[in-house]
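Please open the model in your viewer, with the sequence panel beside it, and keep a selection tool at hand. The stops below are meant to be taken in order.

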Amino acid sequence: MSDLLPPSPVTPTVDLDGGGAQHGYLRLPYSRDDSAWGSVMIPIAVIGDGDGPTALLTGGNHGDEYEGPIALFELARELDPAAVRGRVIILPAMNYPAFRAGTRTSPIDRGNLNRSFPGSPTGTVTGKIADFVTRHLVPRADIVLDFHSGGRTLDFLPYAAAHELDDKEQERRSFEAVAAFAAPYAMRMREIDAVGMFDTTVEAMGKVFVTTELGGGGTASATTAAIARRGARNVLKHAGILAGDPEGAPGRFLAMPSPDCFAFAENAGLVAFARDLGEPVARGEVIARIHPVDRTGAAPAEIRAALDGVLAARHFPGLVQQGDCLFVIATTAS
Ligand SMILES: [Zn+2]
């Protein structure tokens, strides 16, 4: 894939293969009205010398999800290169323009980084970030951990996740890394639309890939930030990059076995949930009601569970629009 493409316009200010603890940038030229020869400066840390396995740890793939950036800015500062066997490449805020704006997508090009992979060196700013990560960082990695949470519009039970894969050995190794992360829940995850995702690109390159959903609502709690901190170190221990065994239990197993897991709003309005995250739900029961807000006396739309399980995710703001993902039900059978 890489041979036919022009070179990336991104210049790292650190040696991606060098040793010690390096803190610098991926400098991406971005010519604009207020800076003719300006750049987007994406923070990156490279810790260790590459003599051993390499882990790529990424946060801020979406700019309004904060557990990953909190855990990874801290980890980048704290990791002692003498304690690292191999190498850790850390991008705490991968879609940096979106992270600085506090928005899911980039304010420069509206790019949703996690729908922009594998990217293009001649694309928009977001596409160029994706292309550099795809062609220069993922190939160096043995294991990739990408942090997500719900952002401003969703809230999740805290889980680490991997996907069902055609390569069952790769799938097994990915779920071992999910177990090592030791979030309260471990999800066999299904995507609504996997095209363009970082996940899909990394998995297609044969790497062990772990993602998370650790909360949401456009902030991080003390609890979910702590889960992220421990999970990052646990994955490094699991990979043999840090000494010691992962701490904590593997997490309660959840799965998303069919598209029926997702419920979408067919009406706009005021949402009233009948269940909270983590509560058991039965097929057919009302999970949420959407009240019309343009008059009194009108009955709400009732949205029911299509299967037995637990409420694993929900729309966060109190008002919903038509087409919003309203909730996700995960099953508990292993
Ligand atoms: Zn996300």
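Predicted model: local features only at pLDDT ≥ 70, side-chain atom pairs only at ≥ 80, totals over all residues.

Begin by colouring the strands of the open sheet, which has 10 strands in the order 1-2-3-5-4-6-10-8-9-11 and shows mixed pairing. At its edges you will find strand 1 (11-12) and strand 11 (252-255), each of which pairs on one side only. Strands of a sheet pair through backbone hydrogen bonds, in either a parallel or an antiparallel sense. Zoom in on strand 1 and strand 2 (residues 21-29), where 2 bridges join the two strands in the antiparallel sense, and where Pro12 can be seen opposite Leu26 of strand 2.

**Helices on the sheet**

Next select residues 125-137, which form helix 3; this helix lies across strand 1, strand 2, strand 3 (39-48), strand 4 and strand 5, and runs at about 135° to strand 2. Helix 6 also packs on the sheet, where it touches strand 4, strand 5 and strand 6, and its direction makes about 175° with that of strand 6.

Stay with helix 6 and select residues 222-238: the end C-alpha atoms are 24 Å apart, which agrees with the 24 Å that its 17 residues should span at 1.5 Å a residue. Which residues of helix 6 are buried? They are Thr224, Ala225, Ile227, Ala228, Gly231, Ala232, Asn234, Val235, Leu236 and Lys237. To see what surrounds these buried residues, display strand 4 (54-58), helix 1 (67-78), strand 5 (87-91), strand 6 (143-146) and helix 4 (168-181), against which they pack. Following helix 6 is Gly240, with a positive phi near 80°.

Distant parts of the chain are linked here, since Glu65 sits in the loop between strand 4 and helix 1, while His148, 83 residues apart from it, sits in the loop between strand 6 and strand 7 (154-156). Both Glu65 and His148 are buried.

Most residues other than glycine have a negative phi, and most peptide bonds are trans. With that in mind, select Phe117 and Pro118, which are joined by a cis peptide bond with omega of about 5°; Pro118 belongs to the loop between helix 2 (96-101) and helix 3. The loop between helix 2 and helix 3 also holds Arg110, a residue other than glycine whose phi is positive, near 60°. Ala182 has a positive phi of about 65° although it is not a glycine, and lies in the loop between helix 4 and strand 9 (185-189). Are these two positions buried or exposed? Arg110 is exposed, with a relative accessible area of 52%, whereas Ala182 counts as buried at 2% relative accessibility.

Finish with the open sheet of 4 strands, whose order is 16-15-13-18 and whose pairing is antiparallel. Its edge strands are strand 16 (301-304) and strand 18 (319-320), each pairing on one side only. Between them, select strand 13 (residues 269-273) and strand 15 (residues 286-291), which run antiparallel and are joined by 4 bridges. Here Val271 stands opposite Ile290 in strand 15.

Notes
Residues numbered from 1 in each chain as written. Heavy atoms only, no water. Expected span 1.5 Å × (residues − 1). Buried < 20%, exposed > 50% of the residue type's maximum accessible area, 1.4 Å probe, protein only. Contact = heavy atoms within 4.5 Å. Pairing = 2+ DSSP bridges. Axes fitted to C-alpha atoms, helices over the stretch in contact; angles between N-to-C directions.
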